[in-house]
Every structure is written in structure tokens, then in C-alpha cells.
Amino acid sequence: MTVLSAARGYALWAPTYAAETAVSALETSVVDSLDVPLAGRRVLDVGCGIARRLADARGAGAALAVGVDLTPGMLAQASDGSLLAAADVRALPAAGDAFDVVWCRLVLGHLAALRPAYAELARVCSPGGQMIVTDFHPRAAAAGHRRTFRDARGELHELEHHVHDEAAHRAAGERAGLALVHRREAVVGEAVRGFYERADRLDAYERQHGLPLVLALLFVRRD
Ligand SMILES: C[S@@+](CC[C@H](N)C(=O)[O-])C[C@H]1O[C@@H](n2cnc3c(N)ncnc32)[C@H](O)[C@@H]1O
């Protein structure tokens with residue numbers, strides 16, 4: 001199996017990306033558990049993909065919901081009516097301090113270096129604003145898990161992934177002026193058993209039970 005760059009991989013995955021996976025389901029519930037208020041706030045989702053989480057932000061009463069993503073094909077699948085633009089997390093098309101809540105969800109593992117991304121994410125976050133970063137968990141990578149997907153023809157592909165441990169995220173955040181206030185992990189358990197069952201992979205479920213698949217970090221931008 002060849003390892004695809006994020007740009008190539010997500011262009012291929014885009015038409016079927018809406019189907020939730022164990023990772024995406026765990027990611028959503030761990031972000032929800034951080035309880036960051038969205039009502040009346042300006043929300044930016046960097047690496048928003050098909051913008052499905054922005055639909056949730058709009059439903060929660062966000063004053064503004066904006067998404068950017070590297071892959072035009074992912075943005076083309078969006079249907080919720082948020083303001084969207086094609087851009088790289090390292091060069092965001094937004095003014096400084098423009099957002100109260102910044103998300104960067106399951107994106108940074110696709111980058112070799114964290115610092116340029118954190119610097120840019122922090123720049124567009126308002127002082128006192130909140131930033132949520134999630135990543136494929138380093139322990140899952142260490143256990144041999146890879147970021148894979150099936151395209152519309154059912155062919156399996158692997159996506160390029162760089163392992164960044166929690167200390168590296170924290171250090172890059174600190175350097176960008178962000179203070180880590182919460183960290184959570186989402187582990188394989190009953191909530192995602194159905195994904196394994198439907199894929200006829202209950203053996204894998206038993207082996208992975210308790211393994212963290214997603215790391216979630218909540219930062220606040222220092223004044
Ligand atoms: C796993 S998907 C997550 C999508 C969305 N955050 C979600 O949770 O549904 C990762 C997304 O990151 C985007 N991406 C990868 N590298 C990026 C970069 N350098 N800048 C912006 N987006 C990037 C991909 O195009 C893809 O849509």
C-alpha cells in the first residue's frame with residue numbers, strides 16, 4: 001500500500017468522507033466533553049474537511065462559522081452553508097485576533113513540523129480565546145495503527161502521518177502564546193463497538209479495547 005500525501009489522499013477520500021469512523025466518532029465526543037461554548041462566538045475550523053463540525057457550531061448558535069481546508073475536493077462536499085476557503089493552516093487568510101474559538105481537528109499529524117501551524121492558529125485566535133487541537137493519538141501510532149481509508153471503489157489507502165507527542169504539542173502551543181488548560185484522550189470502548197462489529201472486526205475491538213485513538217488539547221490564548 002502506498003502512503004499518500006494529505007492533499008492526494010483527501011482528494012480521493014472526499015466523496016465518501018461523510019461516513020463516520022471509530023476515530024471520528026471518538027474525536028467528536030471528546031471535543032464535546034471539553035464543553036467550549038459556541039453560542040454568540042466566532043468559530044474558525046482549520047482543516048474543516050467537509051465542514052460537518054461547522055454545521056454543529058451553527059446549530060449551537062455560533063455568531064460566525066468559518067472553515068478552511070487544504071483540499072478543495074473536501075470543501076466541495078460541504079453542504080451546510082458556512083463560509084469556506086481553501087488554505088493551508090500555515091498561512092491562514094484571516095486577520096489577527098479574528099476568532100473566539102479556533103478548532104484544528106485531526107489535521108496536525110499531517111504536518112512534519114508543528115510550530116508554524118501553532119503560530120498561525122494562535123495569531124487568528126483572540127486574546128483569551130480558546131483553541132482545540134485534536135490529533136491521532138501517539139500511543140495508537142506506537143501500537144502500529146495507521147491512518148487508512150477506503151476510497152469509493154473500496155480500495156484501501158494509507159495517509160502520511162507524523163507522530164507528535166503531547167509534549168511537542170504543548171511546547172509548540174506555549175511558544176505561540178497558548179496555555180494548555182485541559183487534555184483528554186478518547187479510548188476504544190463500548191461507544192465505538194458498533195463500528196468494529198459492522199466491519200466484522202470484533203477481534204480487533206477486543207485487542208484495542210482501552211487504547212487511546214484520539215488526543216484532545218484545549219488551549220487558551222494568553223493576552
Ligand atoms: C481527518 S480530516 C479532518 C476533517 C475535519 N477536521 C473533521 O474532523 O471532520 C483532515 C483534514 O485536514 C486537511 N489538511 C491536511 N493538511 C492540511 C494543511 N496543511 N492545511 C489545512 N488543512 C489540511 C485535509 O484536507 C483534511 O480535510
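**View 1. Strands E7 and E8 run antiparallel and are joined by 3 bridges.** In this predicted model, arginine 150 stands opposite leucine 156, a residue of E8. The two strands belong to an open sheet of 3 strands, whose order is E1-E8-E7 and whose pairing is mixed. E1 and E7 are the edge strands of this sheet, since each of them pairs on one side only.

**View 2. Helix H1, which spans residues 6-13, has the buried residues Ala6, Gly9, Tyr10 and Trp13.** These residues lie on the same side of H1, because they cover an arc of only 90 degrees around the axis. The buried residues of H1 pack against strand E1 (3-4), strand E7 (148-150) and strand E8 (156-159), and they also pack against helix H4 (72-75).

**View 3. Strand E6, made up of residues 125-136, is largely enclosed by the rest of the structure, because 10 of its 12 residues are buried.** Strand E5 (residues 99-105) runs parallel to E6, and 6 bridges join the two. Together with helix H5 (residues 115-124), the strands E5 and E6 make a β-α-β unit that is right-handed.

**View 4. The largest nonpolar core has 32 residues, of which Val43, Trp103, Ile132, Tyr196 and Leu213 touch the most other members.** Several elements each supply at least two residues of this core, namely the helices H2 (22-33), H3 (52-59), H6 (138-142) and H9 (202-208) and the strands E5, E6 and E10. Apart from this core lies another one, of 29 residues, which includes Val68, Phe99, Leu111 and Leu217. In soluble globular proteins, nonpolar side chains tend to be buried together. Which residues does leucine 213 contact, leaving aside its neighbours within four places in sequence? Leucine 213 is in contact with Val23, Leu26, Asp135, Phe136, His137 and Ala140, and also with Ala186, Val187, Val188 and Tyr196.

**View 5. In helix H3, the residues Arg52, Arg53, Leu54 and Ala57 are buried.** The buried residues of H3 pack against helix H2 and against four strands, which are E2 (42-46), E3 (64-69), E4 (83-86) and E5. Just after H3 comes glycine 61, which takes a positive phi of about 90 degrees.

**View 6. Histidine 169 is a residue of helix H7, which covers residues 166-175.** Is histidine 169 buried or exposed? Histidine 169 has a relative accessible area of 0%, and therefore it counts as buried. When residues up to four places away in sequence are not counted, histidine 169 touches Leu108, Leu114, Tyr118, Val133, Asp135, His164, Leu217 and Phe219.

**View 7. Glutamate 120 is found in helix H5, and a polar atom of its side chain lies 2.8 Å from the backbone nitrogen of leucine 92.** With a relative accessible area of 12%, glutamate 120 is buried, because buried means under 20%. Apart from residues up to four places away in sequence, which are not counted, glutamate 120 touches Val89, Arg90, Ala91 and Leu92.

**View 8. Arginine 222 lies in the segment after strand E10, and its side chain makes a polar contact with the side chain of glutamate 174.** The distance given for this polar contact is 3.1 Å. Arginine 222 counts as partly exposed, because its relative accessibility is 41%. Not counting residues up to four places away in sequence, arginine 222 touches Pro127, Glu174, Gly177, Leu178 and Ala179. How far apart in space are arginine 222 and valine 188, C-alpha to C-alpha? Arginine 222 and valine 188 are 34 Å apart in space, and they are 34 residues apart in sequence.

Notes. Residues are numbered from 1 along each chain as its sequence is written. This is a predicted model: local features need pLDDT of at least 70, side-chain atom pairs count only at pLDDT 80 or more; totals for chains, interfaces and linings use all residues. Side-chain values use heavy atoms; hydrogens and water are left out. Buried means under 20% relative accessible area, exposed over 50%, partly exposed in between (1.4 Å probe, protein chains only). The arc is that of the directions from the helix axis to the C-beta atoms. Contact means heavy atoms within 4.5 Å. Two strands pair if DSSP finds at least two bridges between them. A crossover is right-handed if, with the strands pointing away from the viewer, the path from the first strand over the helix to the second runs clockwise. A nonpolar core is a set of buried Ala, Val, Leu, Ile, Met, Phe, Trp, Tyr and Cys residues joined through side-chain atoms within 4.5 Å. A polar contact is a pair of N or O atoms within 3.5 Å; within protein, one must be able to donate a hydrogen and the other to accept it, and residues adjacent in sequence count only if both atoms are side-chain atoms.
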